[in-house]
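Subject: Structure for your review

Dear colleague,

Please find the structure below, together with its sequence.

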Amino acid sequence: MTSIILLIDDQRFETSKELLSNHSPFFLAMFKHDFTEKNKHEITLSGVDPHAMKLILDFLKTQKIDFTHDASNEKSEIPVLDILEASCMYQFESIQEKCISYIISHWLSNENVLQALFTADRLSLINLHKKARIMSYWNFSEIRLTESFLNMNIECLVKYLDSDYLRATSEFEVFEAVCTWLNHAFEERVFHTYELLSVVRFGLCSGFDLNSMKYYSLISETPQAVLIVDFLIRLKQNGAGDCEACILNKECGSVAGDDEALSPASRFKRKRSVSLRCTCADAITVEAANKLLVKGPRTLPLVPCVVANKRLPSLANVADGSSSMSTSKVMKQKLVSPFVFYWDGTTLRPEILLSKIDEGPCEAIGYRTVCKDLKLYVLGGEYLMGYGAHNTSVWVYDIWRETWSFETSLPKAVRNHTVCFEGDSLYVIGGVGKHRVVEDALHIYDLINKTWRLGPPLPQAMYSAACCVYKGQIFVFGSIIVTFRTQENTWMAMNNIVIPNNLSVASAMTDNEWMYVIANTRPDLYRFQPYNEHVELEHLGRFQIEGKNACLVNNCIYKFGYDGTDYKYNLEMFCIETKSFKVLWECSETDIGLDTANEGCFPLPMVDMTT
């Protein structure tokens, strides 16, 4: 082998040209073609961390790399981002893949996601950039408290906080994050005041929030910022931004004639307006304030997703009319696998294979999939009715890390149950247990303490019921409509809610102002506010095809349907703002099995966020 010495800063690393060429197209081209380095015994590399290169060379020799432990430094972790950058720069593709896999599956956290985001952006690593971006937007409330956030430069900070996708509780939270960043190095950063103000959507702030902002150093230490916020407050109060003197003058000027013709109240207002000094904002302040009002609400990049079976190629022709085939042979003929499909704007695409529920002897039925904090919880279900083959595990799929983990076991075997989250508790309601007994049980799982407890039983046993959480209370729509009051730990019948024509409810959802339900059989859409003494259901229209899978995404209701008569599948959308229906997709021949029950339907951030 031909040896070569790599010079990085003041350090020397001896290796072989063959080893480098076998693992890097960059070095292969360097040593094979007529580059000046071809016949050199020493070459200088720049823009790479020497320790990262040492670890890369060690990996090339041993084909082993332990990202959790740096053998050369007992007190230090592996500098995974430095290794990633070096592997990208010098095209060590196998190491690059291992780095990205480790970062996504184990390393990424609220403390380091911003570093990963900007590194991936700089290196044009699309998948890592997408994962880090979603995580950084979704967990903004936690990330804004980290050291990595406080140490961002102004360009990265503005790009991050200016995003339409930021998941902030309010614009005042964004303003507080800006102030925290500023105060971390106030003297150095105070000159960026207007850039910092530009990321806050002031048009979405209340008058109370605007008044509160005046007491923060970002505003109080900058006279121009004080003028801008004062103007925004007046604009919020009277719609014109006029000062009190101008408002009074306008009111008095609208009355014709001299003082004698005015009413006593108008004469008083005119005298008061003369005594007040005009404090209207100057043109520069008005222009600056108006620029801060241009941006609209932030909208998370969510798309509707549905759990459905994807049909697989038949392994054998088993439909031969013979009754002698053994049960075990039939169970091996698995013709479908469960996936999470997402709507990409054109069609439904399989995104996540629910492999843990697919490990049974045949396709599972009656399991449920719910989503919380970008983690999918898959629980319950039965593999072959009548044989007692139940799934009693609760599996969790981490969408960021693309990994499965076991969470807990169900207290009882169950299928066709109702599942929802409220706070940090998972509620498993009713369902069909062993021996096909319809259950009235309520099991509550505490995600923090990892414990189950038995709640009060349902007023009436039910299965395959629709449910949603409205203002902290769980509403269940089965043979009767009931609500579980989480604080009081009691059920209450909602006799004031009556679905027209005694139709059952296929699915329910809420935006915390209205509750929306879709009826079974006839897919009529209604909305109502459940705590009124006399609940009036507003009929919003009817979907074309019935179906149990529906979810609310960014002010639109998406419903996945199946027509068993015409064997037609479709996806329909109802826009709450315009109160209009639209068919987005329909198909009569597809490998997607939307004819199953409601295994799960929810919004997820599945789009490529390139803007």
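Helices here are DSSP runs of H or I with at least four residues, and strands are runs of E with at least two, both numbered from the N terminus. On that basis the protein chain holds 20 helices and 28 strands. Please note that this is a predicted model. Of the 611 residues in the chain, 50% are buried. Among contacts with a separation of 6 or more, 55% join residues 24 or more positions apart.

Two packed helices are described by the angle between their axes and the distance between the axes. Both values are given here for two pairs that share α3.

On the α3 side the contact involves Ala52, Leu55 and Ile56, while α4 contributes Asp82, Ile83, Ala86 and Ser87. By class, these residues comprise 5 nonpolar, 1 polar and 1 charged.

The other pair is α3 with α5 (residues 93–107), packed at an angle of about 110° with axes 11 Å apart. That angle makes α3 roughly perpendicular to α5 as well. Ile56, Phe59 and Leu60 of α3 meet Ser94, Ile95 and Lys98 of α5. This contact divides into 4 nonpolar residues, 1 polar and 1 charged.

Is α4 largely enclosed or largely open? Buried residues account for 7 of its 10, so α4 is largely enclosed by the rest of the structure. They are Val80, Leu81, Ile83, Leu84, Ala86, Ser87 and Cys88. These buried residues pack against α3, α5, α6 (113–123) and α7 (126–138). After α4 comes glutamine 91, which has a positive phi, near 60°.

Rolling a probe the size of a water molecule over the atoms shows where empty space is left. The count comes to 3 cavities of 30 Å³ or more, and the largest cavity contains about 90 Å³ of space. Its lining is formed by Leu410, Pro411, Lys412, Ala413, Val414, Val428, Ile429, Gly430, Glu439, Ala441 and His443. In terms of class, that lining has 7 nonpolar, 2 polar and 2 charged residues.

With kind regards

Conventions. Residues are numbered from 1 along each chain as its sequence is written. This is a predicted model: local features need pLDDT of at least 70, side-chain atom pairs count only at pLDDT 80 or more; totals for chains, interfaces and linings use all residues. Side-chain values use heavy atoms; hydrogens and water are left out. Axes are lines fitted to C-alpha atoms, for helices over the stretch in contact, and angles run from 0 to 180 degrees between N-to-C directions. Angles under 35 degrees count as roughly parallel, over 145 as roughly antiparallel, 65 to 115 as roughly perpendicular and the rest as oblique. Contact means heavy atoms within 4.5 Å. Ala, Val, Leu, Ile, Met, Phe, Trp, Tyr, Cys and Pro count as nonpolar, Asp, Glu, Lys and Arg as charged, and the others, Gly among them, as polar. On a 1 Å grid over the protein atoms alone, a cavity is a set of points where a 1.4 Å probe fits but cannot get out, and a pocket is an open set with protein on both sides within 12 Å along at least five of seven lines; lining residues have an atom within 4 Å of a point. Grid points are joined across faces, edges and corners, and a volume is the space filled by probe spheres set on the points. Buried means under 20% relative accessible area, exposed over 50%, partly exposed in between (1.4 Å probe, protein chains only).
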